[in-house]
Amino acid sequence: MRHFDTDSLETLVTIIDRGGFTAAGDALGKTQAAVSVIVSRMEARIGKRLLERSRKGVTPTFAGEILIGYARRILSLEDEALAAIGGDEAAGRVRLAVPDDFVDMMVSPLIGAFSRRFPRVQLEMRCDLSFRLEPMLERGEVDLAIITQDPARPLGEVLRREPRAWCAARDHRPELIDPLPLAMFPEGCRCRPDALAALDAMGKPWRIAYTSSHMPGIHSAVNAGMAITILGISSIPKEWRRLGEEEGFPELPHLDIALVVPANASVATKRFATFLRETVLQQEALAA
């Protein structure tokens, strides 16, 4: 195979971002059967299986993951080339949906550079829990979303795998209180169930002492010494303490932080998505 068909690459990417063949077909204006045929033809030409279907949804094979990474770059370059030829400078509005605990580590570093590069783009940001943001994207209320992936229904492209840690304020010891007081995001938070399950598995009594949908509320509770909490390590304030095995707390699984961009996204939205990917790559390179 010497050449890639960009329409087929877009179909492959959309299947992963939308979580299935039917949803991809709806986004692309194709039938589910047509989407299946496109994938089958790609697999036949490449000579490798690209996608696996299961009850949990559609996941890429090893070859599929490699190709999807290149596909995103190819499609982004195609979009840039068409915009350059047509003299199309990105303009308009980009409505970003993101949990506010991801804002400082992923969004803030790129806003200034993006605004200087595309001064005609107006940025808006909506912060909420991931399970509330996904329906907003489906209804067209926002243009793209950064989410914590649901393991049972993974959407979008994984930008970052973020380790998590238990943490507390420096000058307070709420971890010594029985039952353990917790400051948590509300029911529906995708970080919450496995953290509580880990405490149950080790037989450690706990209680929810404070609940907030936004990070400032969690910070207030922890800083007041009311409770401990669980955050991605990039979101933990420097003055807080991390609690690990020495304090009797189990290791937690990482978070898959994903970017979801609709297939019909505007040029401005695609530009912002590209800036976001590049920012994450730069952060990872500096951390290495």
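Buried here means under 20% relative accessible area, exposed means over 50%, and partly exposed is anything in between, using a 1.4 Å probe and protein chains only. Helices (H or I, at least four residues) and strands (E, at least two) are DSSP runs, numbered from the N terminus. This is a predicted model, where local features need pLDDT of at least 70, side-chain atom pairs count only at pLDDT 80 or more, and totals for chains, interfaces and linings use all residues. Residues are numbered from 1 along each chain as its sequence is written, and side-chain values use heavy atoms, with hydrogens and water left out.

**View 1. Strand β8, covered on both faces.** Residues 180-184 make up β8, and five of its five residues are buried. L180, L182 and M184 sit on one side, with P181 and A183 on the other. β8 runs parallel to β9 (residues 206-211), and five bridges join the two; strands count as paired if DSSP finds at least two bridges between them. Across from A183 is Y210 in β9. To get from β8 to β9 the chain goes through helix α7 (residues 192-201), in a right-handed β-α-β crossover. Right-handed means that, with the strands pointing away from the viewer, the path from the first strand over the helix to the second runs clockwise.

**View 2. The cis peptide bond between D178 and P179.** Omega is about 0 degrees here. P179 belongs to the loop between β7 and β8.

**View 3. β3, α5 and β4 as a right-handed β-α-β unit.** Seven bridges pair β3 with β4 (residues 121-127) in the parallel sense, and G92 stands opposite V121. Helix α5 has 15 residues and spans 20 Å from first C-alpha to last, close to the expected 21 Å (1.5 Å times one less than its number of residues). α5 also bends by about 40 degrees at I111, the angle between axes fitted to the seven residues ending there and the seven starting there. Its buried residues include V103, M106, L110 and F114.

**View 4. I146 in the largest nonpolar core.** Such a core is a set of buried Ala, Val, Leu, Ile, Met, Phe, Trp, Tyr and Cys residues joined through side-chain atoms within 4.5 Å. This one has 42 residues, and I146 is among those with the most contacts inside it, along with M106, L144, L259 and L276. Elements supplying at least two residues each include β3, α5, β5 and β12. Setting aside neighbours within four places in sequence, I146 is in contact (heavy atoms within 4.5 Å) with residues including L96, F102, M106, L133, L259 and L276. A second, separate core of 17 residues includes L9, V13, F21 and V35.
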